[in-house]
Amino acid sequence: MKGLASSLLFLSSLIGFTSPWGAGRNKRDQQTEQDNTQSIEIVEEITIEDEPFPAEMVVTEKQELHSLVETRVPESVLQELDLYTDFRVLEQGNRLQFEYEGSVLSRVFVQQNDYERLRVELLPEPTVMLDTFPLDAKSIVMTFDKKDLFAPNADLLDVLDAEPGLIGIIDNQVDIVKELTDQDSIEILAVGRYRGEALEYLESVVSLRINHADTSSLSFKYPTEDGNVWYGEDLKPRTYPLLKSPTDYIIISSQYGVMRGHKKHKGTDFAADIGTPIYAAAAGVVADAGWGTGYGLRTKIDHDHLGDFMTLYAHMSRSYVKTGDVVRQGQLIGLVGNTGRSTGPHLHYELHKGHRQIDPYGKTVRDTFKAPQIDDLSLEGYRNNVDRIFVQATQSIVDVEELLLAQNSAL
Ligand SMILES: [Zn+2]
């Protein structure tokens, strides 16, 4: 006990006590000890057994953790503590907490910030652990334009990592090839994980706003039992996973399913000038890039993340990808041409499910990506909440923990 009492005195000279229950009396105890060294042992012994002291300390000046705890924890713990180099030196404001079982020290916490702490368990076996806490969820608003969608900058690539289907969600609202203009803009409301002021990583995208022509429309991600589903401001789902227009066409010269003599047309023909860019309708892996009978220069892309879907682009004049390439949605893959069995410059575009072609705009694909039935009132309430946060986040960084909680509780 004498050792402990003297170490407490040592500590008290280095750190301030913030224990809500003992501060006043313990100051008095120190005073007593300075006045009368003979009686101190008895006073301290009673104090420790009745109310373990201290419960919490705040470091008032730069100190080595080792020196602060060396008289209170076993040598084995000290050695292990030294391995946590980030905690070796404590700065002013760092905290130490002591927990007791009866009068026996059972646990020590060392806290430098709100997101991690060192926990020393003394019972039953001494161990040291690093506890981490979730980083703060705060808003990030980013703005992109049409050219970014086709040639993403680093910021947009981060966004696409968090929300791989983003380009398609935008395209659901405004056809990015045919309708979106260079003057339009897309604002993204994302959730970032922050460590204090510093952004650690982009966690998710929760909403986007497309400013197109004179209108501004919101799309938002709504959590359902079957996963997240994007909805538009009109509460209609935005779940079609393919670009509506894989090229900037003049007219659709032949739709899927029209009869040509006795044969059905198994694709969609987009009439366009030679050299018009062709974009991947969805992200995927190039299954085959080369020449095909009748098809001329053609590219096939597997979209395994969507299920057993594949798209095919034919009669190209140039191809920019090779078999095995991983492509983003909206990535330039080739140029319109007139190769193979073609009667004029156009893109012949096919969607395959399994081994057969289906109408890219037909019932099968729409049914496959049909949104679950959600009560309009819940959707509307959620949309209004997101809209409000979006407006705030445009002005300043806001806490979006509330929004994430709403997402979780909706599940
Ligand atoms: Zn065709």
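## Exercises on a predicted chain

Residues 24 or more positions apart account for 60% of the contacts in the chain with a separation of 6 or more.

**Exercise 1. State what the secondary structure comes to and what share of the residues is buried.**

Solution. The chain has 11 helices and 25 strands. Of its 411 residues, 32% are buried, a residue counting as buried if 20 or more other C-beta atoms lie within 10 Å of its own.

**Exercise 2. Identify the order of the open sheet of 5 strands, and explain why one side of each edge strand is left without a neighbour.**

Solution. The order is E9-E10-E11-E12-E13, with antiparallel pairing. Strands E9 (136-144) and E13 (227-232) stand at the edges; each has a single partner strand, so one side of each lacks a neighbour in the sheet. On average, neighbouring strands of this sheet are turned by 30° against each other, direction ignored.

**Exercise 3. Follow the pairing of strand E10 (residues 185-195) with E9 and with E11.**

Solution. First, E9 and E10 pair in the antiparallel sense over 9 bridges. Within this pair, Ile140 stands opposite Ala190, and Thr143 stands opposite Glu187. Next, E10 pairs with E11 over 11 bridges, again in the antiparallel sense; here Leu189 stands opposite Ser207. Finally, E10 and E11 form a hairpin with 2 residues between them, and Gly196 in the turn has a positive phi of about 65°.

**Exercise 4. Find which strands helix H10 (residues 376-395) lies across, and at what angle H10 runs to E12.**

Solution. Helix H10 lies across E9, E10, E11, strand E12 (215-224) and E13. Its direction is at about 120° to E12.

**Exercise 5. Decide whether helix H8 (residues 166-173) is mostly covered or uncovered, and name the elements its buried residues pack against.**

Solution. Helix H8 is mostly covered, as 8 of its 8 residues are buried. Among them are Leu166, Ile169, Asp171 and Gln173.

Conventions. Residues are numbered from 1 along each chain as its sequence is written. This is a predicted model: local features need pLDDT of at least 70, side-chain atom pairs count only at pLDDT 80 or more; totals for chains, interfaces and linings use all residues. Helices (H or I, at least four residues) and strands (E, at least two) are DSSP runs, numbered from the N terminus. A residue is buried if 20 or more other C-beta atoms lie within 10 Å of its own, exposed if 12 or fewer, and partly exposed in between; C-beta atoms are placed from the backbone. Two residues are in contact if their C-beta atoms, placed from the backbone, lie within 7 Å. Two strands pair if DSSP finds at least two bridges between them. Axes are lines fitted to C-alpha atoms, for helices over the stretch in contact, and angles run from 0 to 180 degrees between N-to-C directions.
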